Amino acid sequence: NIQDMLHHLFELAQTIRGDDFLQPLVEQIYVNNKGELTLVPKVGRQKILFGRYSSVEDKLKRLKIFYTEALPYEGWRKYRTIDLNFQGQIVAK
């Protein structure tokens with residue numbers, strides 16, 4: 001329902017704002033009709049497909065690892081999407 005989604009959005013925004021790494025990274029959060037979230041970074045053109053509001057800490061941990069360990073070697077422009085929907089992995093295209 002809409003109230004749950006707004007609550008989840010608020011919690012995610014608060015989590016991002018309270019994180020020294022994520023706060024300067026994420027500029028916007030989009031929600032589609034299916035309730036799936038997409039994060040838009042301030043730097044780069046890629047979209048971060050967050051999916052449904054679940055496993056939030058794990059998804060954000062994997063995102064940080066990707067940005068600190070993979071992107072410095074591959075470059076900011078290599079990927080269009082970073083998909084966090086799959087448990088235990090990141091799919092970058």
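Predicted model: local features only at pLDDT ≥ 70, side-chain atom pairs only at ≥ 80, totals over all residues.
Residues are numbered from 1 along each chain as its sequence is written, and side-chain values use heavy atoms, with hydrogens and water left out.

The sheet is described first. Helices (H or I, at least four residues) and strands (E, at least two) are DSSP runs, numbered from the N terminus. Two strands pair if DSSP finds at least two bridges between them. Five strands form an open sheet. Their order is β1-β2-β3-β4-β5, and the pairing is mixed. β1 and β5 (91–92) stand at the edges, each with a single partner strand, so one side of each has no neighbour in the sheet.

The strand pairs can be taken in order. Five bridges join β1 to β2 in the antiparallel sense. Here Ile29 stands opposite Leu39 in β2. The two strands form a hairpin, with five residues between them. In this turn, Gly35 has a positive phi of about 80 degrees. β2 and β3 also pair in the antiparallel sense, over three bridges. Leu37 stands opposite Gly51 in β3. A hairpin is formed by β2 and β3, again with five residues between the strands. Gly44 in the turn has a positive phi of about 90 degrees. The pairing of β3 with β4 (residues 81–83) is parallel and has three bridges. Within it, Ile48 has Ile82 in β4 as its bridge partner.

The next topic is the core. A nonpolar core is a set of buried Ala, Val, Leu, Ile, Met, Phe, Trp, Tyr and Cys residues joined through side-chain atoms within 4.5 Å. Buried means under 20% relative accessible area, exposed over 50%, and partly exposed in between (1.4 Å probe, protein chains only). The largest nonpolar core has 19 residues. Leu12, Leu39, Ile48, Phe50, Leu63, Tyr67 and Ile82 touch the most other members. Two or more residues come from each of α1 (2–17), β2 (37–41), β3 (47–51) and α2 (56–74). The largest share, six residues, is from α2.

Phe50 is one of these core residues. Contact means heavy atoms within 4.5 Å. Leaving out residues up to four places away in sequence, Phe50 touches Leu12, Leu37, Thr38, Leu39, Val56, Lys59, Leu60, Leu84 and Asn85. Lys59 lies over the face of the Phe50 ring, at 4.7 Å from the ring centre. A charge sits over a ring if NZ of Lys or CZ of Arg is within 6 Å of the ring centre and within 35 degrees of the ring normal.

Aromatic pairs were also searched for. A pair of aromatic rings is described by the distance of the centres and the angle of the planes. Rings of Phe, Tyr and Trp (its six-membered ring) pair if their centres lie within 6.5 Å; planes under 30 degrees apart count as stacked, over 60 as edge-to-face and the rest as tilted. The whole structure holds two aromatic pairs. One of them joins Phe66 and Tyr67 edge-to-face, at 6.2 Å centre to centre and 85 degrees between the planes. Both Phe66 and Tyr67 are buried. Ring pairs link Phe66, Tyr67 and Tyr79 into a cluster.

Salt bridges complete the picture. A salt bridge is a side-chain nitrogen of Lys or Arg within 4 Å of a carboxyl oxygen of Asp or Glu. A search of the whole structure finds two. In one, the side chains of Lys64 and Asp19 meet at 2.5 Å, N to O. Lys64 is partly exposed, at 26% relative accessibility. Asp19 is buried, at 16%. Apart from residues up to four places away in sequence, Asp19 touches Pro24 and Lys64.

Asp58 and Arg62 also form a salt bridge, at 3.0 Å, N to O. These residues are four apart in helix α2, so about one helical turn separates them. Asp58 is partly exposed, at 31% relative accessibility. Arg62 counts as buried, at 9%.
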